[in-house]
Every structure is written in C-alpha cells, then in structure tokens.
Amino acid sequence: MAQKHKKTVGSVRVLWAGNAQGDAELKYIGASNDRDPILTVVGGTTPNNTTTGYSAEDVNLDGVVKYIGADNDRDPILTNVGSTTPEQHTDAAVAVSFRWSLLRPLGSARPS
C-alpha cells in the first residue's frame, strides 16, 4: 500500500492536515469538501459554537472543533489547498507540497 499521505520529518511521522472527509482529497469548496463537516459538528447554523473531543473534524488536533475564531479547524484546510485558490484540491499523490501536521498523542500539548 502506498504511503503518499504521510512522511517522516526528522524522526516524527506526519500527515497533511485537513482531510475531514477521510476520502484522500483535500477540498475547501464544492461537493464532499472538508469544510462542511466542521460546520455540521458545531451545529450547522451556529458557526460560532464549538465542540470538544478529538474527531476527524478536529483538523488542528487541539481537542476542540471550531469553525470560526482563533485556532479554528477551517483555516488549515484553506491554507493547505492554497488560500488564494480555494477551488483547488489535491490527492495523496501531491500531498508532499502541503504543510504537514504533526501526529501527537491524544491530550498532548499543541506545538507552538
């Protein structure tokens, strides 16, 4: 099985951040985008709500799912697809061109 969706940086295994759908694509807009699941988890029509717990929608792995505000889970998706071209999407074959999200144990501190 190909391991294009992760790599080693130094001695740390990393993944590209934002695939809230788990479908090997990173999309900000359009059908099956990775932004909508975040909004759904926080309440759909109330984007300022948050939920706690680790889930696929917790893109930045801080234990809180947020759609808007500081440290939200939506911005990493936009950044990784190219914030000036949100219609762009990628698959695991080109993931190396994206920023990487460090894998860390649940409950550990977020890197600064």
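**Figure 1. Secondary-structure elements of the predicted model.** Helices, taken as DSSP runs of H or I with at least four residues, and strands, taken as runs of E with at least two, are numbered from the N terminus. On this basis the protein chain of this predicted model holds two helices and seven strands, and these elements follow one another from the N terminus in the order β-β-β-α-β-β-α-β-β.

**Figure 2. Burial, surface and contacts of the protein chain.** The protein chain has 112 residues, of which 30% count as buried, and its accessible surface comes to about 6400 Å², with 55% of that area belonging to carbon and sulfur atoms. When contacts between residues at least 6 apart in sequence are considered, 46% of them join residues at least 24 apart.

**Figure 3. The salt bridge between Arg35 and Asp36.** A search of the whole structure finds one salt bridge, in which the side chains of Arg35 and Asp36 meet with an N to O distance of 3.6 Å. Arg35 has a relative accessible area of 16% and is buried, because that class takes in residues under 20%, whereas Asp36, with a relative accessible area of 34%, is partly exposed.

**Figure 4. Ile29 in the loop between strand 3 and helix 1.** Ile29 lies in the loop that runs between strand 3 (25–27) and helix 1 (36–42), and at 34% relative accessibility this residue counts as partly exposed. Although Ile29 and Leu78 are 49 residues apart along the chain, their C-alpha atoms are separated by 9.3 Å in the model.

Note on methods. Residues numbered from 1 in each chain as written. Predicted model: local features only at pLDDT ≥ 70, side-chain atom pairs only at ≥ 80, totals over all residues. Heavy atoms only, no water. Salt bridge = Lys/Arg side-chain N within 4 Å of Asp/Glu carboxyl O. Buried < 20%, exposed > 50% of the residue type's maximum accessible area, 1.4 Å probe, protein only. Contact = heavy atoms within 4.5 Å. Areas by Shrake-Rupley, 256 points an atom, 1.4 Å probe, with all protein chains shown as cover.
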